[in-house]
Structures are given as C-alpha cells and as structure tokens.
Amino acid sequence: MAEEGVKLFGTWASPFSRRIEVALKLKGVEYEYIEENLTNKSPALLNYNPVHKQIPVLVHNGKPVAESFVIMEYIDETWKHNPILPADPYERAMARFWAKYIDEKFWPAAKKVLVTKGEEQKGVIDEIQQQMKNLEGELKEKKFFGGESFGFLDIAANIIIWLVVAQEALGMEILNEEKLPILHGWLQRLLNDAVFKECVPPKERHLDFFKVKFGSSIASK
C-alpha cells in the first residue's frame, strides 16, 4: 500500500526515474510505481506534467512534482529521516553544484558518445574522462560523495552506471580502474549497497536495451 497516496511515474531504463526510486527506498516510503511508455504517454502523465510531458513525476496526495532533482529535494524535505542532502549549507550547495554539472555537462556528452564515430567519438570520450576526473577531485578519499553513506550527489551520479553498461554493450572503453581508480572504487561500493542495488535495472535487460537502441549506429562505424 503506497504511503499517503505516493505514486511515481517512470520508465525502467531511465536513470532519472531510478533516482527517485532510490530516494524513496532510502526513506522507507512505500509508493505505487507506474511504468510509462514514452512513445505512447498516458493521459495521467500528460495531466500531471503538462509543461514537459516527461518522467519522472512524483504524485503525493494528488499533487504532482516533476524533474528529478526537484523531486529528490521534495522527498528530503517531506520525510526528514535518512537525509539525502548534507546538513551543512556549504556542503549542500556543493552537492547541488556537482549534480547540476552531471546533468548539464556529463549527461549530454554521455548521450553524444553513443551516436558519434571515429575521431569525433574519441574527442567525446576524452571529454567524458576529463569530466570524470573532475568528479574524482570532488570525491577524493571519501567513501561516497555523501561521506560514509551515499546521498544526493551519489544518487545524481547514477548516470555513470548507465554509461558503464553502454560501454560494455557497445564495445567502448571509457571508465576503468586504471584510468579512473577513485571513481571506479566508488561505483563498486555504490553497486554493493543494498538500497541502491534494488534500483539498478537488470544487467542483461539493460545490455540488450543499449544493443537494440544504439547497436546499429556502432556497427556502421
């Protein structure tokens, strides 16, 4: 039974709706999950998010909240236990800064690398690896970006998991232990966390998703 009428509209392959699943599970909030077909969006989704018409959308007591970072902050402010954002104002600001960096810099490059070829793709890979080095500079010696346990920025960085699955499916090499040891170690710890592990797509299904969606463009290179 969903707690206080909590519903999540998402799709299994989206890192953005998976972020919300992690946040809800971390808080122990029960919710109803509604899988959306993005090629044939439901009237409910269009009604709850008429501006962007996209997932994820959280509906709490009939009131919709859209955009993954906005939703994560709403969840953190509504259910106070197991905080996602740091208590310190500066650390909170830094978590938001790097989360924005991931969505505005890293995510566009990660999508671009899947549809480019040759020297252009090599340039994009170099760009992504530099972005990852920047993230390593923020992570440093910490177990997680959030410290001893994962938090807002760790959840935001779940996009890296999607990139790692994509590189395996499509035969690319972007993130490995030799080139990015700090981020590689962080990723292993994240994937071993019980809560986070629940919200990662099944590996084989995820691999097939990338092969079907982008395999033809890679094969033509």
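Reply: Contact means that heavy atoms lie within 4.5 Å of one another. Please keep in mind throughout that this is a predicted model. Leaving aside its neighbours within four places in sequence, N158 is in contact with P15, R18, R19 and F196.

Me: Where does N158 lie, and is N158 buried or exposed?

Reply: N158 is found in the loop between α6 (152-156) and α7 (159-170). A residue counts as buried when its relative accessible area is under 20%, and N158, at 2% relative accessibility, therefore counts as buried. A polar atom of the N158 side chain lies 2.8 Å from the backbone oxygen of P15, and P15 is also among the residues that N158 contacts.

Me: Which residues touch the most other members of the largest nonpolar core?

Reply: In soluble globular proteins, nonpolar side chains tend to be buried together. Here the largest nonpolar core has 66 residues, and those touching the most other members are F106, V113, I128, M132, I160, L183 and W186. Helix α4 (residues 89-113) gives the most to this core, with ten residues. Another core lies apart from it and has five residues, among them F9, I55, V57 and V59. To return to L183, and not counting residues up to four places away in sequence, L183 touches M132, L135, E136, L139, F145, I160 and L175.

Me: What should I look for in the backbone of the loops?

Reply: I55 and P56 are joined by a cis peptide bond, with omega about 0 degrees, and P56 lies in the loop between α2 (43-48) and β3 (57-60). N61, in the loop between β3 and β4 (63-66), has a phi near 55 degrees, a positive value in a residue other than glycine. E67, in the loop between β4 and α3 (68-78), likewise has a positive phi, near 80 degrees. At 41% relative accessibility, E67 counts as partly exposed.

Me: How do I then read the chain as a whole, and how many helices and strands does the chain have?

Reply: One can begin with the elements and then turn to the overall dimensions. The chain has ten helices and four strands, which follow the pattern β-α-β-α-β-β-α-α-α-α-α-α-α-α along the sequence. A compact globule of 221 residues would have a radius of gyration near 17 Å, and the 18 Å of the chain agrees with this. Buried residues make up 48% of the 221 residues. Among contacts between residues at least 6 apart in sequence, 69% join residues at least 24 apart.

Definitions and conventions
Residues numbered from 1 in each chain as written. Predicted model: local features only at pLDDT ≥ 70, side-chain atom pairs only at ≥ 80, totals over all residues. Heavy atoms only, no water. Helix = DSSP H or I, 4+ residues; strand = E, 2+ residues; numbered from the N terminus. Buried < 20%, exposed > 50% of the residue type's maximum accessible area, 1.4 Å probe, protein only. Polar contact = N/O pair within 3.5 Å; in protein donor to acceptor, adjacent residues only side chain to side chain. Core = buried A, V, L, I, M, F, W, Y, C linked by side-chain atoms within 4.5 Å. Rg over C-alpha atoms; globule rule 2.2 N^0.38 Å.
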